[in-house]
Amino acid sequence: MSTQVDTQDTTAGGESYVMNKKLGFISMIVSATGMGMVGFFSRGATDGLDPEVSQYLGSFLAMGRMTVGLIGFLIILLVTKRWDAFRRSRLSFAVIAGGVCIGTSLALYITSTLLTSIANAVFLIYTGPLFCTLLARIFRKEKISVPNAIFLILVFIGMLFTINILSFDGGTFHFGLELSASTPDFPQKALGDFVGLLSGVFYGLALFFYGYRQDMDSDVRGTWNFFWAMVATGLITLFMRPQIGELTVTNWTWASGLFVFSGLVALGFLVVAGRNLPAVEMSCLSYWECVVAILFGVLFFREAMTLTAALGGLLIIAGGVGPIVVDLLSKRSKQEQNKG
């Protein structure tokens with residue numbers, strides 16, 4: 001059964017491109033899985049380091065992700081003999097902005113996780129998909145159906161449950177987002193929360209810009225994406241001046257995992273997803289990252305799986321898969337009508 005959308009999107013080059021929603025769905029799941037492993041790898045990459053050193057490493061770790069991603073995509077272009085297609089590609093603002101925004105977002109996000117609680121950092125960066133959906137509605141006139149709106153609300157609530165911002169105790173719900181200026185564990189918490197909010201804004205902008213220039217093939221777009229993301233994170237790293245010499249062999253090993261799985265794999269497939277999914281459906285699926293992060297916490301860091309976290313995971317899965325199921329049912333209904 002075909003999983004391509006029925007409507008064609010006209011590209012900037014005047015050509016038409018038909019979204020392959022099956023490919024977009026798979027790509028977004030792979031991307032969100034790699035993104036969900038950020039906390040797993042970043043903990044190892046900064047383990048044993050002085051907090052005064054580790055808090056400045058976020059931009060460098062982000063730059064490493066982009067650099068490895070760029071090298072990987074350049075190798076793909078050479079192996080598949082696609083270098084000429086890359087060389088002839090036409091740059092545009094959306095291509096540049098997408099790379100700059102995703103690089104900036106991830107540099108700010110890792111920095112935020114070192115300055116504030118993980119729950120706050122995750123919540124704040126995941127305001128991004130909501131920004132993306134709103135921008136796509138305003139500027140691209142993408143329609144948000146009632147079912148898709150419900151699915152987006154479900155995954156957002158599920159995210160709040162998984163990171164324990166919403167919890168159920170004693171028969172009542174509790175909202176646990178702490179936005180105080182500082183705590184004993186996080187003396188620069190206010191700064192961390194602000195940086196986390198900025199990471200969400202830039203993440204939403206990146207997802208929004210990925211919806212443009214569908215005429216550009218994913219391998220070419222991915223190469224440009226990593227290049228401009230590397231430029232952005234490189235400039236931030238120059239400003240932050242992290243003490244890279246403090247990293248041990250073990251730290252570098254964990255950082256390498258971050259560069260490959262949460263960089264090359266996760267962000268490479270994110271580009272493919274952006275070409276093949278409407279903004280609201282990509283936003284729903286992006287919250288799968290929260291489920292992955294919880295599973296890694298339970299399996300590798302012996303973190304407890306609470307009832308509300310499990311409920312949140314189920315809501316995210318239901319809300320993420322929902323748009324695809326609705327789309328398949330709609331196609332089947334149309335096919336039956338055409339046969340009739």
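A salt bridge is a side-chain nitrogen of Lys or Arg lying within 4 Å of a carboxyl oxygen of Asp or Glu. The structure shown here is a predicted model, and it holds seven such salt bridges.

One of them joins the side chains of Arg213 and Asp215, with an N to O distance of 2.9 Å. Because buried means under 20% relative accessible area, Arg213 counts as buried at 8%, whereas Asp215, at 22%, counts as partly exposed. Salt bridges with shared partners also join Arg82, Asp217, Asp219 and Arg275 into one network.

A further salt bridge is found within a helix. Asp84 and Arg87 both belong to helix α5, which covers residues 83–88, and they stand three residues apart, about one turn of the helix. The closest N and O atoms of this pair are 3.3 Å apart. Asp84 is partly exposed, with 39% relative accessibility, while Arg87 is exposed, with 55%.

Arg140 takes part in two kinds of contact. Its side chain meets that of Glu142 in a salt bridge of 3.0 Å, N to O. The charged end of Arg140 also sits over the ring of Tyr212, at 4.9 Å from the ring centre.

Attention may now turn to the aromatic rings. The model contains 20 aromatic pairs. In one of these, the ring centres of Phe40 and Trp254 are 5.1 Å apart and the ring planes are at 75°, so the pair is edge-to-face. Phe40 belongs to helix α2 (residues 38–46) and Trp254 to helix α12 (residues 249–276), so this pair ties together parts that are 214 residues apart in sequence. Phe40 is buried, with a relative accessible area of 13%; Trp254 is partly exposed, with 28%. By contrast, the planes of Phe208 and Phe209 are at 55° and their ring centres 5.5 Å apart, so that pair is tilted. Phe208 and Phe209 are both buried.

Where does Met305 lie? Met305 is placed in the loop between α14 (288–301) and α15 (307–339), and its relative accessible area of 40% makes it partly exposed.

Conventions: Residues numbered from 1 in each chain as written. Predicted model: local features only at pLDDT ≥ 70, side-chain atom pairs only at ≥ 80, totals over all residues. Heavy atoms only, no water. Helix = DSSP H or I, 4+ residues; strand = E, 2+ residues; numbered from the N terminus. Buried < 20%, exposed > 50% of the residue type's maximum accessible area, 1.4 Å probe, protein only. Phe/Tyr/Trp six-rings, centres within 6.5 Å; stacked < 30°, edge-to-face > 60°. Lys NZ or Arg CZ within 6 Å of the ring centre and 35° of its normal.
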